[in-house]
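Keep the structure open as you read.

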Amino acid sequence: MSSIFPLLYLLFCDEMCIRFRSLRTRWRMEVAKVLASTPRTTCQVLESERLAHAQLCDLVEEVRVAFGPRLTTYLLFVFLEHLARFYFDTYVMPTYRSKHSALENKGVSMLESLMFLGHAWIGTYLVAYLSDTLTESSKEIITDLRNIPIWKLPQDCSEQVTFFMSQVQNSQTVITASGLFTVNKTILSSIIISLATYIIVLIQLAPDLGRVFIE
């Protein structure tokens with residue numbers, strides 16, 4: 001599973017969050033200087049910041065398209081491996097150890113299971129957290145836009161602020177796994193609930209599956 005861990009995706013998300021926050025800081029500085037600058041120069045600066053935000057949103061779209069299949073594969077394998085390990089550790093391995101007592105080593109098996117759980121859940125949390133943070137950072141600037149006193153700005157500048165606000169509200173920066181589901185922090189609870197459901201199903205089907213894998 002380590003080979004499909006989307007490490008590059010996490011690095012991209014972190015870099016994009018930094019850029020969105022940097023843009024927000026620059027926007028605050030430019031708006032603070034708006035009354036002290038000439039209208040034409042100020043409007044050009046505001047427009048450049050708006051276009052920079054649009055380009056960052058386009059990059060988020062490209063990241064979503066590029067990493068969507070990899071995120072889907074990673075999360076699917078995390079889910080399936082949990083189910084497979086539960087079944088084999090609970091039903092298959094005890095029978096196997098009883099027949100091959102010389103190979104029994106519970107300490108190593110327990111450590112390997114704990115390492116898997118740590119790797120899987122830390123990785124899943126990082127994917128969900130950074131995806132959520134990326135979406136939130138792209139929308140945070142809307143707070144600054146709403147707090148700008150439009151009546152104090154020249155008409156061209158007020159239009160730029162209005163365009164910018166509409167642009168942020170309509171930007172599609174939500175990360176999805178190939179369009180199948182949204183990748184954010186709520187996915188953690190969804191995985192836990194789904195695992196609990198399918199583990200119950202496995203327990204109910206254990207006698208039938210035992211005839212396939214054990215007998």
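In which helix does Leu-11 lie? Leu-11 lies in helix H1, residues 7–32, where helices are DSSP runs of H or I with at least four residues, numbered from the N terminus. Please bear in mind that this is a predicted model, in which local features need pLDDT of at least 70 and side-chain atom pairs count only at pLDDT 80 or more, while totals for chains, interfaces and linings use all residues. Residues are numbered from 1 along each chain as its sequence is written, and side-chain values use heavy atoms, leaving out hydrogens and water.

Leu-11 is exposed, with a relative accessible area of 51%; exposed means over 50%, buried under 20% and partly exposed in between, with a 1.4 Å probe and protein chains only.

The largest nonpolar core has 48 residues, of which Tyr-9, Trp-27, Leu-134 and Leu-145 touch the most other members. Such a core is a set of buried Ala, Val, Leu, Ile, Met, Phe, Trp, Tyr and Cys residues joined through side-chain atoms within 4.5 Å. At least two of its residues come from each of H1, H2 (39–99), H3 (106–139), H4 (141–146), H5 (155–170) and H6 (186–213). H2 gives the largest share, 15 residues.

Leu-145 touches Trp-27, Val-161, Phe-164, Met-165 and Val-168, not counting residues up to four places away in sequence; contact means heavy atoms within 4.5 Å. Arg-146, in helix H4, is exposed at 55% relative accessibility. Setting aside neighbours within four places in sequence, Arg-146 contacts Met-165 and Gln-169.
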